[in-house]
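Here is a walk through some side-chain contacts in a protein chain. Please keep the sequence and the model open while reading.

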Amino acid sequence: MEQPLVSCVMPTANRQKYIPFAIDYFLQQDYHNAELVIIDDGKESIEPLLPKIPNIRYFYTKPLGTIGMKRNYACEKAAGEIIVHWDDDDWYAYDWVSNQVNFLITSGADICGIRHIHHYAAITNNFWQGDANNRNNPDSKPFLAGATMVYWKSFWEKHPFKDLQKGEDEGFVETPGAKIFAHDYIDGFIAMLHPDNTTIKPFENQNHKKNH
């Protein structure tokens with residue numbers, strides 16, 4: 001069976017120190033019909049850090065605004081029929097893309113991902129574990145962690161991201177009529193927490209349980 005082309009989309013800006021890791025995680029994937037689409041609107045281009053290979057496509061542009069607009073721009077440039085989010089500062093397992101594609105196709109969903117994610121804070125050397133057992137509570141509103149989303153490009157074309165700096169992923173998942181599937185491969189992803197994060201950092205919240 002022929003693998004559908006997958007576009008891993010990575011908006012980035014001024015995060016040079018994380019780029020080699022993000023590239024390495026992509027190159028280690030066991031799903032081979034994939035491209036990495038990098039959208040860079042930072043002050044300084046990261047092009048010198050990128051290997052010159054056909055399946056890494058780099059676009060350096062003037063500031064695009066919110067992360068919602070950056071995601072839309074990345075999706076426009078994507079050649080694949082399936083889009084996988086690829087955050088520039090997180091860890092992805094070598095079989096992340098192949099599992100994402102399998103979940104999307106077999107579930108019949110428009111969007112897949114995980115709800116309860118692992119976090120690692122290098123500053124404090126703390127690790128928080130997500131809970132796979134509570135991933136599909138029918139009484140909770142639709143939610144998937146933005147960095148773990150996979151979806152059909154055809155769905156995005158009808159329902160692009162909103163022009164928001166925060167919450168654009170939540171709005172996307174809450175699209176009326178969208179078929180959402182939260183899968184249980186939570187060990188395939190770790191959100192790396194650091195001072196440059198654009199979201200709330202759990203290590204700053206004293207209510208979070210710390211696992212060492």
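A salt bridge is taken here as a side-chain nitrogen of Lys or Arg within 4 Å of a carboxyl oxygen of Asp or Glu. The model is a predicted one, and by this rule it holds 5 salt bridges.

Start with R15 and D89, whose closest N and O atoms are 3.2 Å apart, a salt bridge. This pair links distant parts of the chain: R15 sits in the loop between β1 (6-12) and α1 (19-27), while D89 sits in the loop between β4 (82-85) and β5 (91-92), 74 residues apart. R15 and D89 are both buried.

A salt bridge also joins E168 to R71, at 3.0 Å from N to O. E168 belongs to helix α5 (residues 168-173) and R71 to helix α2 (residues 67-77), so the pair ties together parts that are 97 residues apart in sequence. Both residues, E168 and R71, are buried. Returning to R15 and D89, salt bridges with shared partners join these two and D88 into one network.

R57 pairs with E35 in a salt bridge, with 3.1 Å between the closest N and O atoms. Because R57 lies in strand β3 (residues 56-60) and E35 in strand β2 (residues 34-40), the pair ties together parts 22 residues apart in sequence. R57 is partly exposed, at a relative accessible area of 26%, whereas E35 counts as buried at 6%.

A polar atom of the H183 side chain lies 3.2 Å from the backbone nitrogen of Y185.

Key:
Residues are numbered from 1 along each chain as its sequence is written. This is a predicted model: local features need pLDDT of at least 70, side-chain atom pairs count only at pLDDT 80 or more; totals for chains, interfaces and linings use all residues. Side-chain values use heavy atoms; hydrogens and water are left out. A polar contact is a pair of N or O atoms within 3.5 Å; within protein, one must be able to donate a hydrogen and the other to accept it, and residues adjacent in sequence count only if both atoms are side-chain atoms. Helices (H or I, at least four residues) and strands (E, at least two) are DSSP runs, numbered from the N terminus. Buried means under 20% relative accessible area, exposed over 50%, partly exposed in between (1.4 Å probe, protein chains only).
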